[in-house]
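Please consider the sequence and the structure shown below. A set of questions and answers then follows.

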Amino acid sequence: MWTGSGDAQLVNSVYFDNRQMQLYHGRMDKTPGAIALRLRWYGTEIKTVYVERKTHLDAWTGHVSVKERFQLDEPLVVPFLNGSYTVNEFADDMKRKGKKDSDIAESCKLFTQISRVIESKQLGPTVRTQYMRTAFQIPFDSSVRISLDTNLCMVREDVCGYASTITERWRRDERIPVKASQHTHFPHAVLEVKLQGDVENPPSWVNNLLHESGMTTEVYKFSKFIHGGAVLLTELVAAAPYWIDDVSIRESVNASAPTASNRAKESILGREEKTQKKARGRDEDASSAGFSELGEQLLHHAQDEDDESHPLLGKMRPERNALGGRGGKTDFLGRTVKRDSSGNDMQECDCCCGIFSTPQNTTLPRKVPVRIEPKTYFANERTFLSWLQMSVTLGSISSALTVLSEDDTAHGAVMQVMSIFLTLLAGLFTVYAMYIFLTLL
């Protein structure tokens, strides 16, 4: 059990969605204005709960995605979700705590907006994420902030119903064992770097850490909520994230599959759950620290059966190589992974006795897509049109000079010479633009 020592902090987040998974699909499609709603708390004792809303905005448009939140005392979470706790009561509570009027107005606006979204979309608890977060920052310098999330696991939370119908619990009872197909453990740590100021030119040590150290791999727009929803709520989602097929996470995904062995475990857990409910009665005042014990159990739970796999992945079918052996796949780091006779993954080593490296003839494919901004498309065409626009402008000026020039005067002769020069310059711009366009096409 985690005792709270060390630099890491336990973080729990309960994400909200409906049975159509509208918020999930909005975040998957990166729709401008797509939101994610969650309740977050820190540590093992739930005293303060943060109600947070994340809004996605496309960075290439000049906007920045925002995260807004306000806090509630834990006993007020259920009244907030079912609508019995009003915004006026919330404002009075903030005044009693001595908050500024500007903070009260901003929090009340967010309170009202989130309440309307929960009611209109019939949202309810869907997925919980739990992990240990360690934060790194240079003292008195916020230009670079780094967070490292380890021991990451996700749990289904769609056991409480819609938020408006919740009267007792707004999260899963931590004392009840979690079924095998209702939780998943993510086998990698998540490193996030946040920069302020000159984002395009980060410090050299940041570039070395992210791109040259070999210890990290960029996974564009990775989301804990999307990963948990895709793995645990497969029957509700219409699309899965691109990283779900990576070899390095197959074992953890398959461990959450509704296989025969997992169903047998679930039936046993179900009987234990009923027995515990009868013995416990309706006591709902137990401490929430028990979920940290659940987290430790999830860390040690992993199984991978060759004949059964998660519906998202299908069965593992290694490719055959030229000698008829098992072919390889690539993991997050682009390394070739093979399986031995017992079905375990093996790292392929192209070297002699593990000492002298042999030359590589082919480059391993990169599994993780490279980020491409939408404005990159048709960049060549936009450049060509810009040059043509300048040519048209010069040609128009040349025509105007020709019309306004006087034939029998020195002034008119100068204007005609200028007109001819601008006409030739406009033609040169057009030829150069066409040459560059055809070269880059």
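The questions below concern charged pairs, strands and nonpolar cores in this predicted model.

Me: How many salt bridges does the count come to?
Reply: Side chains of opposite charge can pair when their charged atoms come close. The rule applied here requires a side-chain nitrogen of Lys or Arg within 4 Å of a carboxyl oxygen of Asp or Glu. By this rule the model has a count of 17 salt bridges.

Me: Which residue forms a salt bridge with Arg69, and is that residue buried or exposed?
Reply: The partner of Arg69 is Glu52, and the closest N and O atoms of the two are 2.8 Å apart. The pair links distant parts of the chain, since Arg69 lies in strand S4 (residues 66-73) and Glu52 in strand S3 (residues 48-55), 17 residues apart. Arg69 is partly exposed, with a relative accessible area of 38%. The relative accessibility of Glu52 is 0%, and buried means under 20%, so Glu52 counts as buried.

Me: Which residue meets Glu68 in a salt bridge?
Reply: Glu68 lies in strand S4, and its partner is found 15 residues apart from it, in strand S3. The N to O distance is 2.6 Å, and the partner is Arg53.

Me: What stands opposite Arg53 of S3?
Reply: Strand S2 (residues 35-42) pairs with S3 in the antiparallel sense, over 6 bridges. The two strands form a hairpin with 5 residues between them, and Gly43 in the turn has a positive phi of about 85°. The residue that stands opposite Arg53 is Leu37.

Me: Why is S3 largely enclosed by the rest of the structure?
Reply: A residue counts as buried when its relative accessible area is under 20%. S3 is largely enclosed because, of its 8 residues, the number that are buried is 6.

Me: Which residue meets Arg128 in a salt bridge?
Reply: Arg128 is in strand S5 (residues 124-137), and its partner is in the loop between strand S6 (144-156) and strand S7 (183-185), 29 residues apart. Arg128 is buried, with a relative accessible area of 0%. Glu74, Arg169, Arg171 and Glu174 are among the residues linked with Arg128 in a network of salt bridges. At an N to O distance of 2.7 Å, the partner of Arg128 is Glu157.

Me: Which element gives the most to the largest nonpolar core?
Reply: The largest nonpolar core has 32 residues, and Leu37, Phe70, Phe80, Leu81 and Trp170 have the most contacts inside it. Several elements each supply at least two residues of this core, including S1 (9-17), S2, helix H2 (77-82) and helix H4 (101-120). With 7 residues, the element that gives the most is H4.

Me: What is Phe80 in contact with, leaving aside its neighbours within four places in sequence?
Reply: Phe80 is one of the residues with the most contacts inside the largest core. Leaving aside those neighbours, the residues in contact with Phe80 are Val51, Phe70, Leu72, Tyr85, Phe111, Ile114, Ser115 and Ile118.

Me: How many residues does the other core have, apart from the largest one?
Reply: Met21, Val237, Ile244 and Ile249 are among the residues of this other core.

Note on methods: Residues numbered from 1 in each chain as written. Predicted model: local features only at pLDDT ≥ 70, side-chain atom pairs only at ≥ 80, totals over all residues. Heavy atoms only, no water. Helix = DSSP H or I, 4+ residues; strand = E, 2+ residues; numbered from the N terminus. Buried < 20%, exposed > 50% of the residue type's maximum accessible area, 1.4 Å probe, protein only. Pairing = 2+ DSSP bridges. Core = buried A, V, L, I, M, F, W, Y, C linked by side-chain atoms within 4.5 Å. Contact = heavy atoms within 4.5 Å.
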